[in-house]
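Open the model in your viewer and keep the selection tool ready.

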Amino acid sequence: MRSKSSNQNVPFSRVGTLKPVVSYFEKQGLPVEKYFRQSGISDYLLANPEKPVPKSLHWKFVTTACDNDQIDHIGVLVGRESSLDELGEVGEFLLNSGTVGEYLVKGTRFINTLSSGEYYWLADEADKVRFCVSIFGSQANHAIQNYLYTLLITINTIRMAAGDDWCPLELNVPAMKATAAAELADYLPDTKISRRGNHASILIPSVLLEQPLAKTSDCSFVPSESLPLDFRESVIEIIKILIFEGRPQLKNAVDISGLSSRTFQRKLEEMAVNYTQLVLEARIGIARHWLKNGDI
């Protein structure tokens with residue numbers, strides 16, 4: 001079992017992880033481009049699906065759309081319809097697992113290539129195994145919707161081996177609303193629905209781990225690049241986003257970090273570095289990348 005990163009302060013996700021949510025909104029006829037603009041997700045980010053984006057922007061987009069169009073339990077609605085092949089190369093890599101067990105182990109190892117601030121692990125319980133998810137650094141309701149989405153897309157993947165009607169023995173999401181639990185009970189009629197503890201999970205029979213997973217491709221991609229895991233890396237990544245948008249000022253970095261101004265400044269002081277230095281470091285990093293990889 002891996003330990004949580006104690007330095008994680010600004011959770012990130014890849015821009016491409018928004019694809020299932022965007023697809024759902026588009027099917028509902030919602031003005032997606034308008035909500036992108038309102039939430040501060042620029043065309044530059046949308047053109048780079050592997051680009052890290054602070055989860056605060058991710059959730060601002062989702063919340064803006066849900067609030068405007070009175071959508072509740074977005075994690076259930078999107079999770080039921082989503083599949084891993086919508087999540088780019090990492091999704092294909094996970095789908096290329098030989099068995100259910102291999103898929104779950106890969107998920108626990110490589111989640112931080114897609115989304116930081118999340119921690120997955122497997123726990124044995126006699127002849128059963130529990131797939132567990134803990135999310136930190138997010139608002140309570142955002143974490144609940146993330147739990148719902150994560151567990152449902154995991155169930156959808158396991159169903160590729162166990163059949164379209166397969167249900168886990170138990171699904172637990174702490175503090176979710178009773179109405180969300182009722183929706184899950186309708187969708188998973190053979191599953192015990194729980195709302196306890198401090199992390200989410202599904203419980204499955206251990207024998208299912210050996211079931212072959214129907215591969216959808218012969219993906220040779222192996223994830224290697226993690227998302228920013230400490231505050232310095234997080235701030236530099238935020239600054240790079242702002243540089244391309246032409247607004248790398250401190251206030252803008254604070255706004256999209258999801259942290260308070262006081263917390264942001266305190267963490268800079270703990271690193272004994274000022275924001276101007278980090279802007280310069282980010283600019284140099286961009287220039288080096290262009291010199292090595294482009295014709296600019």
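**Whole chain**

Start with a cartoon of everything. The secondary structure comes to 13 helices and seven strands. The radius of gyration is 20 Å, close to the 19 Å that the globule rule gives for 296 residues, so the protein is as compact as a globular protein of that length. Keep in mind that this is a predicted model.

Now colour by accessibility: buried residues make up 52% of the 296 residues. Contacts come next. Among those between residues at least 6 apart in sequence, 71% join residues at least 24 apart.

**Salt bridges**

Show the charged side chains. How many salt bridges does the count come to? The count is twelve.

Select lysine 27 and glutamate 81. Their side chains meet in a salt bridge, with N to O at 3.7 Å. Lysine 27 sits in helix α1 (residues 19–27), while glutamate 81 is in the loop between α5 (74–79) and α6 (88–95), so the pair ties together parts that are 54 residues apart in sequence. Check the surface here. Lysine 27 has 62% relative accessibility and therefore counts as exposed, because the cut-off for exposed is over 50%. Glutamate 81, at 46%, counts as partly exposed.

Next, select lysine 51 and glutamate 237. The closest N and O atoms of this salt bridge are 3.1 Å apart. Lysine 51 lies in the loop between α3 (43–46) and β2 (52–54), and glutamate 237 belongs to helix α10 (residues 231–245), so this pair ties together parts that are 186 residues apart in sequence. Are these two side chains buried or exposed? Lysine 51 is buried, and so is glutamate 237.

Move on to glutamate 245 and arginine 247. They form a salt bridge whose closest N and O atoms are 3.0 Å apart. Glutamate 245 counts as partly exposed at 23% relative accessibility. Arginine 247 also counts as partly exposed, at 28%.

For the last stop in this section, select Glu125, Arg130, Glu170 and Arg196 together. A network of salt bridges links these four residues.

**A pocket**

Which residues lie nearest its centre? Select Ser56, Gly137, Gln139, His142 and Gly258; they are the ones nearest the centre, out of 15 lining residues.

Now highlight helix α4 (residues 55–69). Helix α4 gives the largest share of the lining of this pocket, four residues. Colour the lining by class: five residues are nonpolar, eight are polar and two are charged.

**Two backbone angles**

Finish with phi. Most residues other than glycine have a negative phi. Two stops here go the other way.

Select glutamine 70. Its phi is positive, about 55°, although the residue is not a glycine. Glutamine 70 lies in the loop between α4 and α5. The relative accessible area of glutamine 70 is 75%, so the residue is exposed.

Then select alanine 175. Alanine 175 is not a glycine either, yet has a positive phi of about 65°. Where is it placed? Alanine 175 is in the loop between β5 (170–172) and α9 (178–187). With a relative accessible area of 60%, alanine 175 is exposed.

Key. Residues are numbered from 1 along each chain as its sequence is written. This is a predicted model: local features need pLDDT of at least 70, side-chain atom pairs count only at pLDDT 80 or more; totals for chains, interfaces and linings use all residues. Side-chain values use heavy atoms; hydrogens and water are left out. Helices (H or I, at least four residues) and strands (E, at least two) are DSSP runs, numbered from the N terminus. Buried means under 20% relative accessible area, exposed over 50%, partly exposed in between (1.4 Å probe, protein chains only). On a 1 Å grid over the protein atoms alone, a cavity is a set of points where a 1.4 Å probe fits but cannot get out, and a pocket is an open set with protein on both sides within 12 Å along at least five of seven lines; lining residues have an atom within 4 Å of a point. Ala, Val, Leu, Ile, Met, Phe, Trp, Tyr, Cys and Pro count as nonpolar, Asp, Glu, Lys and Arg as charged, and the others, Gly among them, as polar. The radius of gyration is taken over C-alpha atoms; the globule rule is 2.2 Å times the number of residues to the power 0.38. Contact means heavy atoms within 4.5 Å.
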